[in-house]
Amino acid sequence: MSSLLRLATAGSVDDGKSTLVGRLLYDTKSVLADQLDAVTRASVDRGLSTPDLSLLVDGLRSEREQGITIDVAYRYFATPKRSFVLADTPGHVQYTRNTVTGASTAQLAVLLVDARKGVIEQTRRHAAVLALLGVPRLVLAVNKIDLVDYDEETFRVIAKEFTDHATSLGYAEGSVLAIPVSALVGDNVVDRSAQTPWYSGPTLLEHLETVPVAPDPHDAPFRFPVQYVIRPRTPEYPDYRGYAGQVAAGTVRPGDEVVVLPAGLRTTVERIDTPDGELAEAGAGRSVTLVLADDLDISRGDVIAAAATAPVATDELDATLAWLSEKPLRPGARVLVKHGARTVQAFVDELTSRFDEQKLSTVDYPETLQLNEIGRAKVRTAEPLPVDDYEVSRRTGAFLVIDPADGTTLAAGMVGAPLPVLRSDRDVVSPGP
């Protein structure tokens with residue numbers, strides 16, 4: 001079992017995400033005394049008799065004053081069984097882009113719903129985004145269960161509706177778990193609640209501590225985006241040439257045959273250097289410096305890949321875009337595409353479909369993609385890029401679309417079609433006049 005779990009929270013406004021995260025931190029004793037004192041004082045100023053645990057997460061003054069989460073708040077905590085990196089993302093529709101940021105590296109997502117409201121439009125939107133990003137496991141936290149008198153039938157109806165929706169998005173049986181919780185009171189968050197004798201599953205923390213989440217795929221094809229070329233040119237290292245970066249996928253060992261893309265040059269790995277000495281191998285997530293057997297013309301942005309399973313460099317991307325800008329995307333737009341450490345000019349040839357996450361259907365050839373919409377597009381780049389299908393490698397199958405005018409991020413792109421509905425012709429609706 002992996003000792004580190006990266007997770008994200010998502011949900012609609014006022015579903016209690018920040019309170020749930022605060023409850024996890026508080027009940028696992030992951031809050032410093034001065035932090036708790038500050039929260040207690042702020043709670044007293046608000047006229048509350050008990051600490052408002054959401055203030056442990058809503059760190060910005062403006063967020064505290066409004067009682068909302070705007071930015072992605074990262075928190076780190078640990079129990080004797082596992083360490084956690086948690087991204088608490090906003091619930092407002094206009095901040096769905098932040099959910100994309102927070103969930104992009106998550107191995108599990110906790111999606112909250114209010115037991116009084118059930119599955120709503122934003123719930124389905126967030127589930128679609130999480131599926132699109134390839135988050136492998138979901139937890140549906142049916143929060144505020146105390147406000148419906150711990151009613152079992154209410155929980156069962158919500159759990160079934162969401163599980164059916166998640167299955168339609170491609171989640172397999174067993175990868176989605178629903179838990180009745182009350183973040184405010186603490187029911188089934190860390191400690192089991194006596195108020196829900198009809199629920200026999202794990203508490204939220206028990207599930208987070210024991211869920212079998214695979215680490216970064218070491219058995220995937222080796223990919224290594226070059227971040228920096230090291231040439232000391234010192235008396236001690238006059239001819240040293242190393243290529244620094246982080247292993248994006250797979251494993252590399254000295255003697256492995258590799259190819260440098262997009263040039264297509266072949267060589268072998270001579271050794272793997274780190275500040276602590278040489279390594280016999282390096283797996284996904286490890287930052288290292290590769291020394292190759294041949295002197296090749298390699299620069300920042302190139303990708304070193306396993307020769308036998310190298311991706312094909314292409315200047316035509318058939319991709320899924322999660323549009324993150326208030327400026328709509330139209331066919332013909334000129335943009336920048338950032339893939340790994342390489343940024344190239346690009347042109348959006350056409351929009352082939354737009355995904356309706358509420359109806360789980362697609363609209364063929366839309367005129368635009370608006371803020372928070374998901375669609376398929378054909379993008380032509382000025383230079384070939386060594387991309388993988390996103391389902392093969394999340395790291396090398398993803399890219400950013402950037403506005404060349406001001407450098408703002410316009411979209412998160414994924415090569416291929418991660419969602420099942422985007423891979424088929426079913427439910428295609430012709431656009432209106």
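Analyst: A helix here is a DSSP run of H or I that holds at least four residues, and helices are numbered from the N terminus. Keep in mind that this is a predicted model.

Let's start with helix 5, which covers residues 121–132. Its 12 residues reach 17 Å from the first C-alpha to the last, close to the 16 Å expected at 1.5 Å a residue. Of those 12 residues, 10 are buried, so helix 5 is largely enclosed by the rest of the structure. The buried set includes Ala127, Ala128, Val129, Leu130, Ala131 and Leu132. Gln122, Thr123, Arg125 and His126 are buried too. Just after helix 5 comes glycine 134, with a positive phi of about 80°.

Now for the charged pairs. Side chains of opposite charge can pair when their charged atoms come close. With a cut-off of 4 Å between a Lys or Arg side-chain nitrogen and an Asp or Glu carboxyl oxygen, the count comes to 22 salt bridges.

Take arginine 156 and glutamate 152, one of these pairs, where the closest N and O atoms are 3.3 Å apart. Both sit in helix 6 (residues 152–168), and because they are four residues apart there, about one helical turn separates them. Neither end is hidden away: arginine 156 is partly exposed at a relative accessible area of 36%, and glutamate 152 is partly exposed at 33%.

Next up is a salt bridge between glutamate 278 and arginine 271, at 3.8 Å from N to O. Glutamate 278 is exposed, with 58% relative accessible area, whereas arginine 271 counts as partly exposed at 23%. This pair also belongs to a network of salt bridges that links Glu270, Arg271, Asp273 and Glu278.

Then there's aspartate 403 with lysine 327, whose closest N and O atoms are 2.6 Å apart.

Note on methods. Residues are numbered from 1 along each chain as its sequence is written. This is a predicted model: local features need pLDDT of at least 70, side-chain atom pairs count only at pLDDT 80 or more; totals for chains, interfaces and linings use all residues. Side-chain values use heavy atoms; hydrogens and water are left out. Helices (H or I, at least four residues) and strands (E, at least two) are DSSP runs, numbered from the N terminus. Buried means under 20% relative accessible area, exposed over 50%, partly exposed in between (1.4 Å probe, protein chains only). The expected span of a helix is 1.5 Å times one less than its number of residues.
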